[in-house]
Structures are given as C-alpha cells and as structure tokens.
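Please read them beside the sequence and the structure.

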Amino acid sequence: MIASCSTVQAKNGSVKGRITNQQTREGLIGASILLTPRETARANEYVYAFQDMRVTMPVLSGDDSRPQRTGAIALNNGTFEVSNVRAGEYQLTVRSLGFKTYSVPVTVRDNETLDVQTIGLVSDIQGTDAVVITGVASKRQKSVSETAIGRVDAVTLTENMRFSDPAQLLVGKISGLNVAPSSGIVGTGIRLTVRSNAGLLGGQPIIFLDGTRLLSVDYYKVFEVDELSPLINLSPDDIESIEVLKGPASACLYGTAAQNGIVLINTKRGRKKNGLTPELTVNYQYATGWQEPSRLYTEDMTLSYQSVNRAFRQAPMAQHFLNLSGAVGAMSYYASFERRDDNGILPLNSMGRTSGRVNMDITVAQGLSAKLSANAVQNDSRLPLGFDQIESSLLRNLLLGNEAAGKRFFFSDSAAIMAVDNRLSVEQFIGSAELTYTPAIIEGLRFRGLVGIENNHSRFLTYFPPGFRFSPNDARMGGTRSIRSSYARRFNIDASVSYSREIVEGLTVNSIIGTQLFDNYFGSDFSSATNFQTPLVQALQTGSGISATEFFSHDRQAGIFGRVETNFRETYFLSFGGRNDYASTLGFNVPSIFYPQISGAVRLDKTGLLHGEWNLFKVRAAFAESGRLPSLDQSLRSWQLFFGSGSSIIGPVLNQLYLRRAGSPDIRPERIQEIEIGVDVEIANRWGLEFTYFQQNSRDAILNTPTPPSVGVGGVPQNIGGISGWGFESQVYGKIVNEIDHDVMLSGIVNYSDNIITNIGASNSIFSFGAPVRTNFIAPGMRRGEFMDFLPLRPQFLPNGYYDWLRGAQYDTMRTALGSTVPLWTGSLALTYRFLQDFTLYAMVDFGVGKNMLNITRQENIRVGNDKRFNELLTALGLARGQAADNNMGIAPVQGVTVLQPNTVEYRAASEEFMRLDPGRGIVGNFLERADWVRLREIAFRWNLRPILVKSAPLFESVIRELSVGIALRNLALWTEYSGIDTEFNSPGTVPSEAQAQATDRWVLVQPRAFQFTLNLGF
C-alpha cells in the first residue's frame, strides 16, 4: 500500500516560481496561485476564482486521471511551489491584494517540475481587478462589471489614516456618494446620499455587514434626538472593503427599498498558508490624540464669541486594537478586540466603544465550505443636552448670552446644565453564517445559503436633577427623569444556486436563481417621572407624575430573483434578470411587484480596434427598476387599543379601540427606473478614467394626503407624485511618478446630480416640512426639499422717514424657490506619495457646490442683540434703544456708528440691507445662505520602521512582521463664504432628517479637528 502511494506521488508533476512586485522587484508574500483545468477554466472562473483566495484548497475530486483545481500561497520572498499536480493543461492565475491579476496557460507533465521563473505583478492602482459584488449572489471583477460600483480598500486606507467609524472612511472616496454629518457631536449620525437620491421622498441606502442587513441610518430617530448612525458601532480596522451599489441599475436584485443603493461592508478574514500549513499573525495598534474645534466663532458670527470659544476643549482620544488571524486544520480564523474612547469638544460629550469580532472560514468537506461572522458591541455615549430640551443646551445658552452685560448664559445657569445626565447606551450583536457547496459531480454548480441576525437594545436616559432651574419659568425644581428604550431584532435569509458552463468555445453562461427573506421587529417604550426627593436616588418609583407608553411593529419582506450572465471571450458581456418582491403589506391589487434588470458591456481593448497601451477600455450600459412597497398601515386600516379611563353614554370604560390610520387596499408600490451609461478607461496600468451618466424616474410615490379634521384619521395614503433625477459621476486617477523609490498617485472625483418633481397628483398641491419652521417644500417643477419663501421686496417707512419696524418690509405675494438642501456638485482630490519605500504621505481635499444652509443660529442671535452687523444697522437707522424710532427690542446703540438721516439715499440703502436681517419675518428669505465649501479633510504620514529594526537587530526579522508609526489629521481647514460655523450639516439639531435633508444650522456644533498618533506592531 505504501509503495502504491509513492508511485502515485512520483507520477504527478509540480509547478514552482516566484511572485514579485514588478515595480520594486520585491517578493509578494501571500500571493494566491491557482491552477484550474483549462477545459473548465472559464466556467469555474465564476464559481471558484472570485471566491476569497486566501483560503486556497483543492475542492474537486473524481477520476484520478483528470486534472484538478489546486493551488498554493507564496511564501517568504514570494516563492511558491504547487506539488502533486496531475498532468494536463491548466490556466495559471496569480492574484495579490492591490495588484492586477496575472493569468497564463501552462502544461504540467508527469514526473516534471515546471519552473515559471519570476512573475511580476503590476499594481492595480484603482482596483479594476478587484472582485466586487454585482448582485445578491454574483461577483465579478470591476474590469468586466456592467454597472458602476464604488469600492473602498479599507485595509490600505486604515494603514495611513485613522477613522472613528466607517462613515468617516467613505468621505470623498466613492464617486456618486455624498457623506454629510448631522452634527460635530461625537457619536452622532450621518446622511448617505447616493446619486440623486431616487424617489419622491428620497431615502438612504441599505447597509449589509458580512451579509447581515443592518438597521437603517435613520433608525435612532425614535429618540427624538440628533441622528445616531448604526455605523458608529463598527470598528473601521475590522473592515477589509466597502462596496456601494449605486441605485437600481446595480442594486435591483436586492429588492424593494434598494432604489437608493446598497452599502456592502466586508470584514477581514483569516488566511491559510500553502493550502494547509497554519499561519498565525498578531497585530496590535495603539492610537492617541485629541480633538479641537476646526473653526472658532468670530465677532461677526456672534458678539458672545469669546464665551463660546472658551467652552470648547481639547478633548482626548485613545484606541487599543488587537487582532489575530491564522488557521487550525481546515479552519481559518480572524478575531479582534477594540476599545475606543472619544471625547467631544464640548463638555458632557463622549463615546466609549468596546467591540469584539470573530470570523471563521471552515472547509467542511471537499466542495463544502462555511463562513461564520460574529460581532458584539457595547457603546456608551454621553450627549450634550439640547435638541428636545433646547433651552438648556450649553451651546445655545452661550451663543445667546451677553458677556458685555454680564450675562454669559442666556437661560440656564452653567451649574444646572452641567448637572444634567443625558446618555445613550447601545448593546448590539451582529452575526451571519454562510454555506457554499460546489459538488464535484457537476462542474460549475454552486449552492449558497446565508443567515444573518442583528439584535439591538438601546437605552436613552435624560435626568434633570432636583434643585436646579433650567429656564426662567422652569417648574421642574423637583427634577425630571425620562427613559426611552428600543428593541430591534432583524433576521435575513439569502439562498441561491448558480450554474456556470462554457456553452461553446469562448461563450460562458452563468445562471443564478435565489431568494431573500427579511423579518424586522422593532419595539420601543418611554417612561418618565418628576419631583424627586434627592438627586442621589433616581429610580422612577421615587418620583411622582409617572407616565409610560409603548410601541412595537413587525413586518416581513421576501423576494425571489434570477439573473443570467453571459461572457464571450472576456470581451462581450450581457446580463439580464429580475426580482419579484413580497411584503407583509397585502392587497387585492398589490400582492407583489416585479423589478427587471438588463446590462451589457464591451471591452474595446480586446476587440483589436485599439492599439498602444490601452489595457482597459470598457463601454457599459444598464437599465433596472426598484421601488418602495407600502407599509402595513398604508395598505390596511389599522386600529389601536387605548388603555385608560374614560366614559361613554352607557357608562365608564377602561379600554377604547379607535382607528389609527385609514389605509388603502388599492395602494400601489412606488416604481423607480434608472438608466446608466458609462465608460471605464485605463492606459499603461497608470492612468484611468471612470465616467457614468444616470437618469432616474419614479412614479406612484406614496404620500399621505390630509383629510378634514372631523374624520379623525389624519392623512390617507395615495399614489401621487413623481420625480426625475439625473447627473453624472466621474473619477480620474493616475501615477504621475512611478519609480522604484518614489511614486505619486493622484485621484480626483467630480459628481453632479439634480432632480425635478414632475407632479404631485391631479391637484399639484405643495407639501412642506422642516423644523423648527416648515422651510422645505415638495412642489411641482422644483427640486425635492427646495427652500422656498416670500422674499422682501422693499422697505416700508413711517411718515417721518424712519424705517417702519412694525410693518417691516413689503413681501412678495408668491413663494420663490431659493436653493437646494444638498450640494449639486461634490468631489475630492487625493494624493498619495510613497518615497524611499518606507515613507507614505497622504492628503485629501473635498468640496461641495450648490448647497444652501438656513442660518437660524444667526436669526436667534439677532433677536437677543448678539449680531454685530444687525446692531450697527439698527443704530444707523435710529431703531436702537432710546433712539428716535426705538423698535422696543431693547438693543443698545453701537458706539461709533453714524446715525443716518431719514429720507436720504444712505438711509434707504441701509434699510434695504436691514430688511433682509429682520428676524421676525421671511425667515428663509432672510437667513438662507450659500454654503459651498472646500475642506482640507485628511492628512496622514506613515513611517515603516521594520527595515531599520531588522538591519540593526537581524534576529527580529523572523519575529516582527510589521512596525510603523504615523500621524493622522482630520478636518484641518475649511474655506467657505457661509457666515455660520460649518457648512455640511444635513438636518437641524432638533429633529432627525428621516428621508429628507433639511440643511438647517440651529446651534449645531462645528466638526472637530482631530490629531491622532499611531503605533502598529505585527508579529
């Protein structure tokens, strides 16, 4: 028996060689080498080659005389050897992260070793050879993808820059994606706007983490506080890549609500060495630094600027991150632990995040593999008081205070504000399990199943201790305590089967069918009490006036999808498919909805039409539909049981059932169509361009139309309205210097998007929204959420020639569209400079043009006499306290300002300016400003110290795998004409933005400037 085995071993051949970086000629440790039988190479490319190549093992079995798929991993200095290879014709494929794929046919003979010598890989500077997800169960390289897909290599970015959450990592990195914060407060949320934000009511993309569907970006709106994104619970250092499917053309197969794109977050996995040999790597990272305001208030912003600026602090930040990866037998693993503590630039603001992650990849049997992912997070945030208790906000009190009059705080005393406890605690678990089976008996067949689960428990507490007065007329001297809790359980199942086959020579077809199921439970409760006897005992039972409410919802969604992908000679690509969606919303006319998809591409560089150094010239086009299904209470009448005391004509009652929402069984799902046309070009593996034009059209938007108050059911849902959106996204990149010791990489992004509302039903009425005033409108012929108002036309004067303060200006009788809530143009410019092999310098600038911001902060400052220019005009017009036309605002005259004579040209010119600062009239017309910006967003410097260490102490060469230090700076400078403190806020501080961006500056906190120093140590 032993002799027989030896004979078999001697009969087979082997392949060896060395994999290097073509530019530096250094060996690429960890490069994946794959040998695929040539007769099945094209079909297997879909099934095998695009899987995670860090776990490379033989998966086919059968006839010992036939070639089998096998492979290896490059070892020290990039050398590799694939042994025990059956004789035959193979396709040798080499992949390494950050490099172009190399593929060449080889012939293996019995008892011979084929030496392929040195294979130099070319840098993939823009990730065109990276494998991206193009559907629920479909993967392709970007170089052959038929739709525009954005991808961020998080591993490379986090080596240089430091990010507190994945949202920061996305800023300025993906064309067609705009990321805007809701506040500069640590731990608050973000708005992701993809393209023109499809649909009449807009919305945000769906987020998946390792296949698990997460809570939406707007989830925490239930707390009635500033938005808190679920992304703040994720550690960027755990992430390997982020992909963004931009709208229906690429996200159709993800079903309803995918019209605004899909964000796919993939975390790091373990690896195997040479197929079977375990490899353990350990990495430790320490980061420390501080945050400070990126801008300070000036006298032109508020006369209390010195008080506000003194309240800001240099806030410390610290992070410990440890991960290890390796393999045991048939299992590879990745595990990590993070502790991050960020303090905000305002007192009473901090975030402490503790997270742990375990990922495992298991080869259960030949052809059967499993991927397990689990992440647990405890995140405790302390938030500055404000928003729903805005009078007690520290920032508002300081901004409206009058230090010159000895009143630094406007309403509440500083001791009262600092005594308040306002915090959020989040406990979250996210897990997924994925099985993949590729049976040996049928070449090209692949089964995939995934289960994802998220459990989220959030608790928001606000406590006003007894003994303090929080406003002039505050009656809460006995204290108030309120607790808002929420419970969310999400469960999703993905299952699919795919089959790939080369139909005729050169023509490969990949067919996929599958299903997705999604179960979403959400519940919340609120309780409060007042009049506590002592600040030390805070239990609700010890107070009086106890109240409690509870709410929960439960909905389900399901869809089936199919897709056929064809590929002819890696040159012509055509795919078509569709998805049928079902939901817990049922009606006689709307049991389900079908969304189609078709896309195609041509690689002109492979047709022979192009000559020279064109290594990529792809033209692509796609069409698809997506949309939004009605919610349960929009399609059915919903009733609510009220528990409490009451009476009726037949006597007292305790429980009352009343109509909560008058749904419509005839409601139709919203349909959104998208067409995109694009081109991807790359020359000499150094210069490239990506350009995509898109057009989006929606119809049958679901809006609640008002009913008479006597009906008592609020709005009734109807299918009214449509919107059209369009624009382009582009990115250019190139290595302007490409030497062994020096290379300079530039990348520039320019995006444009716009939209227009085509109709709002037969009446074409106007809908308004916003807080604290209804400032934004949905109107036919306008942009979504356009700022509109009645503009001041001319000042009015008293008979004696003075400005008529009581009547104010004469205003237009029709509203005027005044500007967009989101920037029409966005983009970025990034530079990466690597020199002397061990040093890396990185910088990024981003911009936004065409955005408008409503400066309610200035309006409120004017009301209390804290605006320098308003006070000067008030004095010049004789309207200040004690002057001839005193307007009774109580604002003292400004010393040194010349008082103008009524009925003069100068007086009328000053009146023209003054009427546009009237705080009581024309709020939007008077206080809306252009908020274009250019921001120096990121700068980082990294120094690889390992070569110095190895040179001085050679014994560390086999022990220390990585040793580097760095410094990272964020939000260094802002250039803008906007008169407020910051420009990128997407919603007011009082109310979350939900689907709509509102761009309101109401005592919002400036984004902090962050300095962080890092140490990376790997074994």
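1. Trp825 has a relative accessibility of 35% and therefore counts as partly exposed, where buried means under 20% relative accessible area, exposed over 50% and partly exposed in between, with a 1.4 Å probe and protein chains only. This is a predicted model, in which local features need pLDDT of at least 70 and side-chain atom pairs count only at pLDDT 80 or more, while totals for chains, interfaces and linings use all residues. Residues are numbered from 1 along each chain as its sequence is written, and side-chain values use heavy atoms, with hydrogens and water left out.

2. Rings of Phe, Tyr and Trp (its six-membered ring) are taken to pair if their centres lie within 6.5 Å, with planes under 30 degrees apart counted as stacked, over 60 as edge-to-face and the rest as tilted. By this rule the count comes to 21 aromatic pairs. The ring centres of Tyr437 and Phe447 are 6.2 Å apart and the planes meet at 20°, so this pair is stacked. It links distant parts of the chain, with Tyr437 in strand S22 (residues 421-437) and Phe447 in strand S23 (residues 445-464), ten residues apart; helices (H or I, at least four residues) and strands (E, at least two) are DSSP runs, numbered from the N terminus. Tyr437, with a relative accessible area of 36%, is partly exposed, and Phe447, at 37% relative accessibility, also counts as partly exposed.

3. How are the rings of Phe728 and Trp825 arranged, stacked or edge-to-face? Their centres are 5.8 Å apart and their planes stand at 75°, so the pair is edge-to-face. Here too distant parts of the chain are linked, since Phe728 belongs to strand S36 (residues 722-738) and Trp825 to strand S44 (residues 825-835), 97 residues apart.

4. One aromatic cluster is formed by Phe797, Tyr802, Tyr803, Trp805, Phe870, Tyr907 and Phe914. Arg908 lies over the face of Phe797, at 4.6 Å from the ring centre, and elsewhere the charged end of Arg213 sits over the ring of Phe518, 4.0 Å from its centre. For such a placement, NZ of Lys or CZ of Arg must be within 6 Å of the ring centre and within 35 degrees of the ring normal.

5. Leaving aside neighbours within four places in sequence, Phe914 is in contact (heavy atoms within 4.5 Å) with Tyr803, Trp805, Phe870, Leu873, Leu874, Leu877 and Leu879.

6. Met301 is found in the loop between strand S17 (281-293) and helix H6 (305-311), and at 12% relative accessibility Met301 counts as buried. Residues up to four places away in sequence not counted, Met301 touches Arg295, Leu296, Asn861, Asn866, Asp867, Ser979, Gly980 and Ile981. Met301 and Lys868 are 567 residues apart in sequence, yet 7.8 Å apart in space, C-alpha to C-alpha.

7. Strand S20 (residues 350-365) and strand S21 (residues 368-382) pair in the antiparallel sense over 15 bridges, where pairing requires that DSSP finds at least two bridges between two strands. Asn359 has Ser373 in S21 as its bridge partner. The hairpin of S20 and S21 has two residues between the strands, and in it Gly367 takes a positive phi near 90°. S21 and S22 likewise pair in the antiparallel sense over 15 bridges, and the bridge partner of Leu368 in S22 is Tyr437.

8. An open sheet of four strands has the order S3-S2-S5-S6, with antiparallel pairing. Strand S3 (70-73) and strand S6 (102-108) stand at the edges with a single partner strand each, so one side of each is left without a neighbour in the sheet. Strand S2 (residues 32-37) is joined to S3 by four bridges, and Leu35 stands opposite Thr70 in S3.
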